[in-house]
Amino acid sequence: MLNFKIMKYKLARYSSILFVIVLILAFTLKREEVFVVDTEVVFNEVLSGSNIANEEILGQVVDNNNSSLLIIDVRTPGEYIKGHIENAINIPVKNMLDPDYVKIYKHWAKPIIVYGVYTCDAQRAYMMIRQLGVDSISVIAGGYKYFTEFGDWVFPVESAKYEFAEIMKEKSGGKLVQPKAPVRRVIKKAVKQKERAEGGC
Amino acid sequence: MNRRYIIPTIILLILGVWFIFMPEVDNSKRELSPNQLLAAMNESSRFVSTDIVSDLIIKNDPGFLLIDVRSEEEYSSYNLPGSINIPLDSLLLPKWVGYLNQYSINNIFYSNDELKAETAWIVCARKGYKNNYVLSKGLNNWFETIIEPVVPSETASQDEWDLYQTRLAASQFFTGAKEEAVKPVVKRKVFVNKPNKQRAEGGC
């Protein structure tokens, strides 16, 4: 009986110490990144267009005379090797949160420029980095291809390639201007039906 | 107290005090963490092709909703059948939350290209909303693949020809016009005029 009680005591002691060690480790080891900036704030910036690099910034990238700029290429390593903007570093979008990369951009005090194949992939990087708390970051609209061709001209994003309405009108022989289909308000349907039924018996 | 239990008791007391003063975990927000958002961004299945959307519209699938995130003028000029208009700057208004934050209908954002739809998707994703998708390459792609599908070359595989036939049929459905197969289609392009330099095609 006595031996058993001693064992129990040792077991409790060792397991408590182990538990405390595990807890300490869990909270001193590197934590995950967290978003510091609200979605709404970043969203409004995107709506106002301030996420797109303007001519002045593009000019600096072209002239390559501002060494305090951090230029990030978010394409795959293969594309980066084939050709990239001078002094750009390669951080593929899917590796955006690797601790080594986060160290580079998170505390960079000067402007950061991001570009990709299109505007979209750079936009993803922009949203991530901006929401992590980096203040001065902008996107090269049109991506690498248009930048190398047109330099400091700001590419017009989201432009329609075709005259949609015109084409539809022509193809339908002038019959339809708008495609005909009932607009489905799936969420509110239930409410409307209830209102109608109120008048019945 | 029995001396054997002093040390475990002290440890547990320290833990208790620490739990009291630990920063609270905010469980009321379903917002994604950066790592979760990045993982969601890398899911290629969140992009739906124009062929899939064309199929859904033709078959009148009830489980999806097309959301046009362009401006009202662009929407009223042309929009996809059955779509609703939530201009990007109104995306976070309370009246649309019911459409975006739910688990039954799959929302497919679309715009002229991908940028606006993608932005809408990212904002919703971070807020923890599920079931949102993006139309791959937008209306520009819709017109290039469904309305005016490219005729495959002579050496193309049977699959490509089948796809072309499907697209041609879809084109007839959407335009209500009859088209002969294997006729070279004239594409009308609107180039964006850049002062003093070459013209550029619209893109993302």
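Trainee: Where is the place of N60(B) in chain B?

Mentor: N60(B) lies in the loop that runs between helix 3 (50–58) and strand 2 (64–68) of chain B, where helices (H or I, at least four residues) and strands (E, at least two) are DSSP runs numbered from the N terminus. Its phi is near 55 degrees, a positive value in a residue other than glycine. This is a predicted model, in which local features need pLDDT of at least 70 and side-chain atom pairs count only at pLDDT 80 or more, while totals for chains, interfaces and linings use all residues. Residues are numbered from 1 along each chain as its sequence is written, chains are lettered from A and ligands numbered from 1 in the order in which they are written, and side-chain values use heavy atoms, with hydrogens and water left out.

Trainee: Why does N60(B) count as exposed?

Mentor: Buried means under 20% relative accessible area, exposed over 50%, and partly exposed in between (1.4 Å probe, protein chains only). N60(B) counts as exposed because its relative accessibility is 58%. K137(B), which is not a glycine either, has a positive phi of about 60 degrees and sits in the loop between strand 5 and helix 7 (138–147) of chain B; with a relative accessible area of 29%, K137(B) is partly exposed.

Trainee: What order do the strands of the open sheet in chain B have?

Mentor: Strands of a sheet pair through backbone hydrogen bonds, either parallel or antiparallel, and here two strands pair if DSSP finds at least two bridges between them. The open sheet of chain B has 5 strands in the order 1-5-4-2-3, with parallel pairing. Its edge strands, each pairing on one side only, are strand 1 (47–48) and strand 3 (84–85) of chain B. Strand 4 (residues 106–110) and strand 5 (residues 132–135) of chain B are joined in the parallel sense over 3 bridges, and N107(B) has N132(B) in strand 5 as its bridge partner.

Trainee: Which helix packs on the sheet, touching strand 1, strand 4 and strand 5 of chain B?

Mentor: That is helix 6 (residues 115–126) of chain B, whose direction makes about 165 degrees with that of strand 5; contact means heavy atoms within 4.5 Å, and axes are lines fitted to C-alpha atoms, for helices over the stretch in contact, with angles from 0 to 180 degrees between N-to-C directions.

Trainee: Which residues have the most contacts inside the largest nonpolar core?

Mentor: In soluble globular proteins, nonpolar side chains tend to be buried together. A nonpolar core is a set of buried Ala, Val, Leu, Ile, Met, Phe, Trp, Tyr and Cys residues joined through side-chain atoms within 4.5 Å. The largest has 51 residues, and those with the most contacts inside it are M96(A), Y105(A), L91(B) and F109(B). Helix 6 of chain B supplies the largest share of this core, 7 residues. A second, separate core of 23 residues includes Y162(A), I167(A), L135(B) and W142(B).
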